[in-house]
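Here is a short tour of one protein chain. Keep the sequence and the 3D view open while you read.

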Amino acid sequence: MDYEPKKIEQKWQKYWQKNNTFAAIDQTEKEKFYILDMFPYPSGAGLHVGHPRGYTATDFIAKMMQMKGKNVLHPMGWDAFGLPTENYAIKNKVHPEKITTKNIKHFKEQLEIMGLVYDPDREINTTDPNYYKWTQWIFLQLFKKGLAYEAEAPINFCPSCKTGLANEEVENGLCERCHTPVERKKIRQWVLKITAYADRLLEDLDQLDWPQPIKEMQRNWIGKSEGATIKFQIPNSKLQIDVFTTRPDTLFGCTYVVLAPENELINNLKPQIKNWPEVEEYTNDAKNKSELSRIEQKEKTGVKLEGVKAINPVNNEKIPVFVADYVLGDYATGAIMCVPAHDERDFEFAKKFDLPIIEVISKTAKPQQKMEEAYAENGYLINSNEFNEIKNEKAKKKIIKWLKEKNLADFTTTYKLRDWIFSRQRYWGEPIPIVHCEKCGLVPLNEKDLPLKLPHVNHYEPTGTGESPLAGISDWVNTTCPKCDGKAKRETNTMPQWAGSSWYYLRYIDPKNKQKLIDGKKEKYFMPVNLYVGGAEHAVLHLLYARFWHKVLYDLKIVSTLEPFQKLVNVGIILAPDGKKMSKSLGNVINPDALIKKYGADSFRLYEGFIGPFRERLSWDEKGIVGARRFLDRFYNLLKKEDRHENNKKIELKINQLIEKVENDIADFNFNTAISSLMEFVNLAQKNNLNKKEKEIIVKLLAPFAPHLCEEIWQEWGNKTSIFQSYWPKLDKENLRGAEITLIVQINGKTRGSLKIDANSDQKNAENAVEKDTRLSQHLGNNQKIIFVKTPQKPIAILNIIKKV
């Protein structure tokens, strides 16, 4: 008899909700395990089959950890403020609040029918005033610490969304939301001083168990560079050009200097610039381009400042000065020194403008006859006076020190990281709790007056003038100053969508606290997040911002950990069957609701885990759910068979191996191989039958993947509490003794032989076994490296002896 998911799944979902089966306890002596999904933006389209891949993965692990006796905190909430909701609301002429409520309801229903039941008492919503009260409170702390400031700044501006964008929200010169070309526009903005934490954000990456590519992306975004600031004096003037460089070893080859169009020095040099109209036109055009388009344009453009020279401080040569848009005004000093012999970009620019190319680094300490391209490798200095024949890496400090003694240089560290443009000229975001007082200037609201709620309005379209739609609501804007009671106006810009997600993981711990952001004892118990799961697309934006806010809260003694997320795992994308990314416009989106209705939630969950390696991109195939459903039928029918009463050493050995494998594979996100092992075991058990204890074990092992079916079986056996309140099967190591695996012995990757070893052997045991083998022992020696790898999918291990040549 096959099991019928329609009859049991809703019953167990209601049971788990009613009995708070998966609710974490605030005060307990149990060890905590805090596992977290990157909470979703509740879009109108709902979830497609790719979205639950991460949610089911964390659910598998959370359920296993609960059965292993941990106090598991696995919450869910909604990142609901921001541009997508507002744009959708404007298009469909519905208030964003109504859309948000409707979308959240739909998302919750979709998650629940998948068996993803969360503690409702810990649910959060970034648009709830009781939540964003504390987002505003954090902003006030940033303001008081001087980390939030107002500035007239050239920003990325999307003419379609009609709002400013952070650098991180621009992709290839386009708005990441609507893909409109981004413009540069000078607008009054609120800015957060994330650069004050650059070193800590960089250094603390080393303590995190994160994928290396993600850590590297953050390192590159922060972009720490150590070098020197060099002074290039302008003849017959008190003015000088300060240039940051990481290559002072090439200074003797510097033949021109380039200024960014935004560099204020250009205006100061106006009386000396003979071609001012040409320079002015070029700089104005450049300021309207996005930073990315300026950096990535293939042909480098520029204009020479006629009548202006700079003095190279190492040889007193007078060199030309240019303005070029590939140099950015907000990086380092907004000016660069150019060494065409040793930089490809400078080489091309010098060729175009017929500028001198002087070789100063040579591989052989001898000059080339003719330079056909820039030499960018290390070598020895030439044409560099007293520094000739010194290795260029050693020459760097020597030249800086020499110039520093003349007051012409100093050691400097710079960063690519820019302060975070924090305000948006939109309606659907957290109001910024600041007033503009005619007498007092910028004044923060009193904390007792939080939350400052968004006014309910009928028209919330962006103005496009640089002001938020809130600016037109006079009843809300006009207020009194908290400091002097005089006339004041509220800040009308709102916070970006990243604000609420920069601290939400803390609110799950203490969601009902009205007195403070989080209770100290609860925070110390639950933090840091043990395991954080989400997409790699958040490598810079969300993860960097959350780390920044967390460090500010650490300095305020609100949190006790240096970092919020100890371990990070990225989920691979599930593509449509045609191999393309699922998209409404392509018409290839697969809705999970219909599949669950047809095959059941457990079959859907099982295939989400079985589809393939968790971190890889994979294409959806409905045949996989069909196979998952057939397996669950076989599993259910196996348990209906009569219990075996006699001993079966083979089954006892296999079930212990299965416990070890499923547990390790779930912990390592190898869900596909864990499920495959369960399938193999069920096939074996069909021929042998199982005893009562063995049946209990395999039901518990399958329970994280197919909770409804396993809960039903557990109840049929007469158990009064949930299977998830029972204990995870314990490994009987005695039963594993005597089990053997094949050890393959390789020399420099080539197989030389094999032998049988105990299944529990480690590298030392394996080496001892090789030493005792007369055929293979001859390969062991002193001058070598040994790599030992166990293959979890098969009963084999590899001992690779790397001999140094």
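Pro-451 sits in the loop that runs between strand E21 (441–444) and helix H13 (474–477). The model is a predicted one. The peptide bond leading from Leu-450 into Pro-451 is cis, and its omega is near 5°.

Most peptide bonds are trans, and most residues other than glycine have a negative phi. Asn-20 is not a glycine, yet its phi is positive, near 50°. Look for Asn-20 in the loop between helix H1 (5–18) and E1.

## A four-strand parallel sheet

Which strands make up the open sheet, and in what order? There are four, ordered E2-E1-E24-E25, and their pairing is parallel. Strand E2 (71–73) and strand E25 (568–570) are at the edges. Each has a single partner strand, so one side of each has no neighbour in the sheet. From one strand to the next, the twist averages 20°.

Now look at one pairing inside this sheet. Strand E1 (residues 32–37) and strand E24 (residues 531–534) run parallel and are joined by three bridges. Asp-37 has Val-533 as its bridge partner in E24.

## Strand E31 and its two pairings

Strand E31 (residues 796–803) pairs with strand E28 (residues 740–747) in the parallel sense, over six bridges. Here Thr-742 is opposite Ile-796 of E31.

E31 also pairs with strand E30 (residues 784–791). Is that pairing parallel or antiparallel? It is antiparallel, and it spans eight bridges. Gln-784 is opposite Lys-803 of E31. In a regular strand, side chains alternate between the two faces of the sheet.

## Helices H3 and H4

Two packed helices are described by the angle and the distance between their axes. For helix H3 (residues 83–92) and helix H4 (residues 96–113), the axes come within 9 Å and cross at roughly 115°. The two helices are therefore roughly perpendicular to each other. H3 passes H4 in a right-handed crossing.

Which residues make the contact? H3 supplies Thr-85, Tyr-88 and Ala-89, while H4 supplies Pro-96, Ile-99 and Thr-100. By class, this contact of H3 with H4 has four nonpolar residues, two polar ones and no charged ones.

## Helices H2 and H19

On the H2 side, the contact is made by Pro-52, Arg-53, Thr-56, Asp-59, Phe-60 and Lys-63. On the H19 side, Phe-604, Arg-605, Glu-608 and Gly-609 take part. By class, the contact of H2 with H19 has five charged, three nonpolar and two polar residues.

## Aromatic pairs

How many aromatic pairs are there? The count comes to 44. A pair of aromatic rings is described by the distance of the centres and the angle of the planes.

Take Phe-143 and Trp-190 as one example. Their ring centres are 5.9 Å apart and their planes stand at 65°, so the pair is edge-to-face. Phe-143 is in helix H5 (residues 129–144), and Trp-190 is in strand E9 (residues 183–192). The pair therefore ties together parts that are 47 residues apart in sequence.

Note on methods
Residues are numbered from 1 along each chain as its sequence is written. This is a predicted model: local features need pLDDT of at least 70, side-chain atom pairs count only at pLDDT 80 or more; totals for chains, interfaces and linings use all residues. Side-chain values use heavy atoms; hydrogens and water are left out. Axes are lines fitted to C-alpha atoms, for helices over the stretch in contact, and angles run from 0 to 180 degrees between N-to-C directions. Angles under 35 degrees count as roughly parallel, over 145 as roughly antiparallel, 65 to 115 as roughly perpendicular and the rest as oblique. A crossing is left-handed if the near helix is turned anticlockwise from the far one by less than a right angle, and right-handed if clockwise. Contact means heavy atoms within 4.5 Å. Ala, Val, Leu, Ile, Met, Phe, Trp, Tyr, Cys and Pro count as nonpolar, Asp, Glu, Lys and Arg as charged, and the others, Gly among them, as polar. Two strands pair if DSSP finds at least two bridges between them. Rings of Phe, Tyr and Trp (its six-membered ring) pair if their centres lie within 6.5 Å; planes under 30 degrees apart count as stacked, over 60 as edge-to-face and the rest as tilted.
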